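Subject: Structure for your attention

Dear colleague,

Please find the sequence and structure below. My notes on what was found follow directly after.

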Amino acid sequence: YVGHHVRETPWWQLRRTDLLELARQQAAPSYVYDLSTVRERARRLRALSAPDRWFYALKANSHPDVLQAISEEGFGLECVSLEELGAASRLVKGGRLLFTPNFAPRAEYEAALQMGARVTLDNLHPLAHWGEAFRGRDIILRVDLGVGRGHHDKVRTGGAGSKFGLAMDEIETFRTLARQHDVHVVGLHAHLGSGILDAGHWHEVYGQLAALAQRFTRIEAINIGGGLGVPARPDEAPMDLAALDAALAEIKAAYPQFQLWMEPGRYLVAEAGVLLTQVSQTKRKGDYRYVGLTAGMNSLIRPALYDAWHEIVNLTRLEQPADTLYQVVGPICESGDVLGANRKLPACEEGDVILIAQGGAYGATMASHYNLRAPAQEIVI
Ligand code: LLP
């Protein structure tokens, strides 16, 4: 059984034997990235007419080769830590660097300004307490539009319970502080969450930010965030990019004075990567059958953290019927170390090569050494 989304990706055009061979050479689990897919996704986005500038949110995948490919495709880089800025600044400079942190310490903002990055503030505290650090600077203001969106509660970044963005009722105070310190708000930003498949979302965000921009005098850019989803489950439909472009063009026509910026992460890299791993053991306990993998939640935490669904395929037994119901688990000492619950696979045996799809986004970047177990290595092809 190979689901729709895997068959739609270029992985399927690769010979399966190549992946099997790769898995055999590397005893350890591996994330494998295909740079041509990364570039193809980047070009799809760059082909849209409405956005003026693209920034890649490198938290999704910060492998140096991936960053290089994406920056060569004309993307700036959106960073949230000094370490990300360090990686990004080797490839792009000045205005192509965006710094959009949350609760970062003062020194990080100072370093970002020093590097010439575009800095986004989303709280009163930096101006109220460190105003002199921003004196004379242009900054971008991130606001909370009051609602969050996305594939799971933990990735929604708007609304009362979210730590992101300046509350709308603090905007006047922010403007006053900015005036006091000779700080110029030249951009407005909102990012409501991750894994959004409804193209209408960004139209709405642009409209709200553009209306808000009327309360400022120097807004040049409207950054409507990232969050572009990639369908994971077989019943989800891919994002309609043409509809997104049309919706953005329409709302932009109403406010043509602003540049439209977007900062996707996942869309560029999710389908460009897979996690290759092998069967370590199988087990039967009561009504349950378990298949254990060499990769666990320390390599891919998304299923444990967000109940995220990643397609799982037994590459070794592709021709055999997927007639056995498994709990697909890793070797980590946590009950949550389940990479796929209730998955139908062919009867698995030790050493079988298992492919976990959509491993290119938020896989390696969120990996850990829990249990002192090394997470999957990264390989670029
Ligand atoms: N811009 C900002 C301000 C963000 O916080 C994020 C993601 C992005 C852009 C890029 O979002 P994307 O286009 O990748 O959805 N670990 C979660 C996703 C968390 C995203 C955090 N912020 C996951 O694996 O689903």
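D182 sits in the loop between helix 8 (171-180) and strand 7 (184-189). Helices (H or I, at least four residues) and strands (E, at least two) are DSSP runs, numbered from the N terminus. The phi angle of D182 is near 55°, a positive value in a residue other than glycine.

Two points on the source should be kept in mind. This is a predicted model, in which local features need pLDDT of at least 70 and side-chain atom pairs count only at pLDDT 80 or more, while totals for chains, interfaces and linings use all residues. Residues are numbered from 1 along each chain as its sequence is written.

D307 also has a phi near 55°, a positive value in a residue other than glycine. Its place is the loop between helix 12 and strand 12 (312-314). D307 counts as exposed because 12 other C-beta atoms lie within 10 Å.

Next, the domains. The assignment gives domain 1 (4-32 + 270-380) and domain 2 (36-268); such bounds come from an automatic or database domain assignment. The centres of the two domains, taken over C-alpha atoms, are 32 Å apart. Domain 1 gives 21 residues to the contact and domain 2 gives 22 residues, where two residues are in contact if their C-beta atoms, placed from the backbone, lie within 7 Å. On the side of domain 1 that touches domain 2, the elements giving two or more residues are helix 1 (4-7), helix 12 (302-306) and strand 16 (377-380). That side has 11 nonpolar, seven polar and three charged residues. In this classification Ala, Val, Leu, Ile, Met, Phe, Trp, Tyr, Cys and Pro count as nonpolar, Asp, Glu, Lys and Arg as charged, and the others, Gly among them, as polar.

A nonpolar core is a set of buried Ala, Val, Leu, Ile, Met, Phe, Trp, Tyr and Cys residues joined through C-beta atoms within 7 Å. The largest one has 98 residues, and those with the most contacts inside it are I70, L77, Y206, L209, I222, I224 and I356. Helix 9 (residues 200-213) provides the largest share of this core, six residues. Leaving aside neighbours within four places in sequence, I224 is in contact with residues including W202, V205, Y206 and L209.

Finally, two residues may be set side by side. G76, in strand 3 (residues 76-79), is buried because 24 other C-beta atoms lie within 10 Å. The C-alpha atoms of G76 and E263 are 8.7 Å apart, although the two residues are 187 residues apart in sequence. S49, in the loop between helix 3 and strand 2 (53-57), counts as exposed because it has 10 C-beta neighbours inside 10 Å. Leaving aside neighbours within four places in sequence, S49 is in contact with D245 and A249.

Definitions and conventions. A residue is buried if 20 or more other C-beta atoms lie within 10 Å of its own, exposed if 12 or fewer, and partly exposed in between; C-beta atoms are placed from the backbone.
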